[in-house]
Amino acid sequence: MTRKIVIDTDPGQDDAIAILLALASPELEVLGITAVAGNVPLPLTSKNARIICELAGNVDVPVLAGCAAPMSRALVTAEHVHGKTGLDGIDLPDPEMPLQDGHAVDFIIKTLRSLPAGAITLCALGPLTNIATALTRAPDVVEKIQQIALMGGAYFEVGNITPAAEFNIYVDPEAADIVFKSGIDLVVMPLDVTHKALTTRPRIEAFRALGTCVGEAVASWTDFFERFDIAKYGSQGAPLHDPTVIAYLLEPQLFSGRHINVEIEVQSDLTRGMTVADWWRVTDRAANALFIGDLHADGFYALLTDRLARL
Ligand code: BDR
Ligand code: CA
């Protein structure tokens with residue numbers, strides 16, 4: 001049986017690779033792709049989502065634009081990581097497929113309501129604005145969600161956009177707070193695991209060696225944002241953050257983590273968006289998330305390369 005998913009995203013090269021992985025995987029039925037402002041503003045994320053679908057040869061998946069700004073703050077973007085377009089690294093044609101009419105939040109609500117309880121998994125690859133807005137506007141959809149698998153937060157790795165916070169949670173901490181308090185089954189891919197999913201020369205060359213447009217695009221994107229992470233962290237490559245979310249749905253045995261309590265800092269300017277994760281279980285606060293800490297990196301890259309070869 002295929003698993004029905006909606007991908008909420010702010011592409012972003014790593015979002016793009018996650019979307020390609022999902023579209024390449026027969027176990028997953030992508031009901032729609034909802035764009036949110038994040039790495040770059042909404043007009044670009046909603047355009048990039050369609051560029052990616054066309055690259056994958058899938059022009060039938062509905063793509064909708066959602067929230068242009070966080071719930072109660074000004075938008076913070078990350079062109080310093082992803083480039084001016086959000087998809088810098090290779091020139092791809094402007095998309096011909098149109099955006100669907102309507103707002104992504106309405107699409108999420110309508111799609112959830114149209115199916116039985118527990119039928120849909122939401123994959124969140126950007127700030128949680130669209131999803132939290134849907135949960136706030138239509139609390140009845142909570143029971144319709146099988147799981148939310150999201151990339152966001154950090155514990156041991158602390159932060160990447162500030163010393164205390166990871167980008168997706170930092171951009172819209174109020175939205176993250178709503179999601180983490182929702183009672184929905186959450187699987188969280190924090191920096192602790194994504195910083196172990198690093199590109200290496202052989203891994204990038206394996207993408208390029210596919211000899212396809214997809215392989216070339218993925219290799220060029222990873223080449224592009226590798227320069228940033230190598231300079232910043234002195235690491236051997238760049239973390240492929242968002243594809244871990246999709247890989248978890250396909251091969252959860254590649255990952256390990258703990259069921260723990262995670263709360264979001266929304267008050268302090270200094271630590272805004274910090275994910276206060278009770279990794280050591282030093283409080284009696286109830287667990288609300290499966291917080292992933294480790295992955296089998298070779299298995300992850302093998303899965304990714306194998307699936308991308310199908311496009
Ligand atoms: C997250 O922020 C974005 O830059 C990436 O696309 C990823 O979703 C990593 O902190
Ligand atoms: Ca992202």
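Me: How far apart are the axes of α1 and helix α11 where they pack?
Reply: This is a predicted model, so to speak, and helix α11 covers residues 243-250. It packs against α1 at an angle of about 25°. The distance between the two axes is 7 Å.

Me: Is α1 roughly parallel or oblique to α11?
Reply: Their packing angle is about 25°. Angles under 35 degrees count as roughly parallel. That makes the arrangement of α1 and α11 roughly parallel.

Me: Which residues in α11 does α1 meet?
Reply: From the α1 side come Asp14, Ile17, Ala18, Leu21 and Ala22. By class, this contact has eight nonpolar residues, no polar ones and one charged. On the α11 side, the partners are Pro243, Ile246, Ala247 and Leu250.

Me: Where is Gly12, which has a cis peptide bond from Pro11?
Reply: The bond from Pro11 to Gly12 is cis, with omega near -5°. As for its place, Gly12 sits in the loop between β1 (3-9) and α1.

Me: Which helix gives the most to the lining of the largest pocket?
Reply: Four helices each supply at least two residues of that lining: α1 (13-23), α3 (79-82), α6 (167-171) and α10 (213-233). One of them gives the most, with five residues, and that is α10.

Me: Which residues lie nearest the centre of the largest pocket?
Reply: The largest pocket has a volume of about 310 Å³. Its lining is made up of 24 residues, divided into ten nonpolar, seven polar and seven charged. Nearest the centre you'll find Val81, His82, Asn160, Phe167 and His241.

Me: Where is Val158?
Reply: Val158 has a positive phi of about 60°, although it is not a glycine. Look for Val158 in the loop between β5 (145-151) and α6.

Me: How much space lies in the second largest pocket?
Reply: Its lining includes Leu44, Lys47, Asn48, Ile51 and Thr85, and also Asp94. By class, the lining has five nonpolar, three polar and four charged residues. The space in this second largest pocket comes to about 180 Å³.

Me: Are α4 and α5 oblique or roughly parallel to each other?
Reply: Helix α4 (residues 104-113) and helix α5 (residues 129-137) pack with their axes 9 Å apart, at an angle of about 60°. Roughly parallel needs an angle under 35 degrees, and roughly perpendicular takes 65 to 115. The pair of α4 and α5 is therefore oblique.

Me: Which residues in α5 does α4 meet?
Reply: α4 passes α5 in a right-handed crossing. The contact has five nonpolar, two polar and two charged residues. Ala104, Val105, Asp106, Ile108 and Ile109 come from α4, and in α5 they meet Asn130, Thr133, Ala134 and Arg137.

Me: Is α9 roughly parallel or oblique to α12?
Reply: Helix α9 (residues 201-208) packs with helix α12 (residues 297-308) at an angle of about 15°, and their axes are 10 Å apart. That makes α9 and α12 roughly parallel.

Me: Which residues in α9 meet α12?
Reply: α9 passes α12 in a right-handed crossing. By class, the contact has six nonpolar residues, one polar and two charged. α12 brings Ala297, Asp298, Tyr301, Leu304, Thr305 and Leu308, and the residues in α9 that meet them are Arg203, Ala206 and Phe207.

How values were computed:
Residues numbered from 1 in each chain as written. Chains lettered and ligands numbered in written order. Predicted model: local features only at pLDDT ≥ 70, side-chain atom pairs only at ≥ 80, totals over all residues. Heavy atoms only, no water. Axes fitted to C-alpha atoms, helices over the stretch in contact; angles between N-to-C directions. Parallel < 35°, antiparallel > 145°, perpendicular 65-115°, else oblique. Left-handed = near helix turned anticlockwise from the far one by under 90°. Contact = heavy atoms within 4.5 Å. Nonpolar A, V, L, I, M, F, W, Y, C, P; charged D, E, K, R; others polar. 1 Å grid on protein atoms, 1.4 Å probe; cavity = no way out; pocket = protein on both sides within 12 Å on 5 of 7 lines; lining within 4 Å. Points joined across faces, edges and corners; volume = space filled by probe spheres on them.
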